[in-house]
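Here are my notes for a first look through this one. Keep the structure open while you read.

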Amino acid sequence: MREDSGRDDSPETTPAPDEKLSMLRRERDDFEDRWKRSAAEFENYRRRTERERRELSEAAAADLIRDLLSVVDDFERALSSADADSATGPEFRRGVELIYKQLLEAVRKRGAQPFDSVGQPFDPSWHEAVAWEPAGDRPDGEITAELRRGYRLGGRLLRPAQVKVAKA
């Protein structure tokens, strides 16, 4: 009496060796394709999260720098109106200049850079016109004075310069 092992070894149900090899290759190719897609998706995710982290960090730095720029402006006004021979003395002025330079350096270390506007043509994407004066011998639209310095962070505008523009 023969025991039934639960397997059907009949030649009709066992795939031919070539067919079995072909099936295994298809399965291998399918696994390889899924693995490559997963690796590519992970790499895209890694790049996206790194970019988002960098953009968030830059936005936070930009907000802080914008707040500090008003303090820089106040120091500039104080230094331009202070007289070295006033009752406070030259030592006070030197102390204020030192604090101003440290603050400006802290802003620059975060990537903010002032840009020059005087003598440049007016560009509404970088300048805010707050006054005008007769052009005289200057070209129409040339910036004649800078009332508040403009700053950029990398290639982006952080704060537009407030300027006076020549008008024909």
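1. Some ground rules. This is a predicted model, in which local features need pLDDT of at least 70 and side-chain atom pairs count only at pLDDT 80 or more, while totals for chains, interfaces and linings use all residues. Residues are numbered from 1 along each chain as its sequence is written, and side-chain values use heavy atoms, with hydrogens and water left out.

2. Start with helix H1, residues 17-81. Helices here are DSSP runs of H or I with at least four residues, strands are runs of E with at least two, and both are numbered from the N terminus. Does the length of H1 agree or disagree with what its 65 residues should span? It agrees: at 1.5 Å a residue the span should be 96 Å, and the end C-alpha atoms are 95 Å apart. The expected span is 1.5 Å times one less than the number of residues.

3. Which residues of H1 are buried? They are Ala-62, Ile-65, Leu-69, Val-72, Asp-73, Phe-75 and Leu-79. Buried means under 20% relative accessible area, exposed means over 50%, and partly exposed is in between, using a 1.4 Å probe and protein chains only. The cover over these residues includes helix H2 (89-109) and strands S1 (112-115), S3 (143-148), S4 (150-153) and S5 (156-159).

4. Take Ala-62 as an example from that list. Ala-62 sits in helix H1 and has a relative accessible area of 4%, so it counts as buried. Leaving aside residues up to four places away in sequence, Ala-62 touches Leu-153 and Leu-158; contact means heavy atoms within 4.5 Å. Ala-112 is 50 residues from Ala-62 in sequence, yet their C-alpha atoms are 8.2 Å apart.

5. Now the charges. Side chains of opposite charge can pair when their charged atoms come close. How many salt bridges does the structure hold? There are 14, each being a side-chain nitrogen of Lys or Arg within 4 Å of a carboxyl oxygen of Asp or Glu.

6. Glu-43 pairs with Arg-47, with the closest N and O atoms 3.4 Å apart, and both lie in H1, four residues apart, about one turn of the helix. Glu-43 is partly exposed at 25% relative accessible area. Glu-43 and Arg-47 also belong to a salt-bridge network with Arg-46. In H2, Glu-97 bridges to Arg-93 at 3.2 Å between the closest N and O atoms, and the two are again four residues apart, about one helical turn. Here Glu-97 is partly exposed at 24%, and so is Arg-93 at 22%. An α-helix has 3.6 residues a turn, so residues three or four places apart point the same way.

7. Another bridge reaches further along the chain. The side chains of Arg-149 and Glu-76 meet in a salt bridge of 3.7 Å, N to O. Arg-149 lies in the loop between S3 and S4 and Glu-76 in H1, so the pair ties together parts 73 residues apart in sequence. Arg-149 is partly exposed at 27%, and Glu-76 is partly exposed at 22%.

8. On to the rings. Rings of Phe, Tyr and Trp (its six-membered ring) pair if their centres lie within 6.5 Å; planes under 30 degrees apart count as stacked, over 60 as edge-to-face, and the rest as tilted. By this rule the count is three aromatic pairs. One of them, Phe-75 with Tyr-100, is tilted, at 6.4 Å centre to centre and 40 degrees between the planes. This pair links distant parts of the chain, with Phe-75 in H1 and Tyr-100 in H2, 25 residues apart. Both residues are buried.

9. How are the rings of Phe-115 and Trp-126 placed? Their centres are 5.3 Å apart and their planes at 85 degrees, so the pair is edge-to-face. Phe-115 is buried at 8%, whereas Trp-126 is partly exposed at 24%.

10. Finally, the strands. Strands pair if DSSP finds at least two bridges between them. S2 and S6 (residues 161-167) run parallel, joined by seven bridges, and Pro-134 stands opposite Lys-167 in S6. S3 and S6 pair in the antiparallel sense over four bridges, with Ala-145 partnered by Lys-164 in S6.
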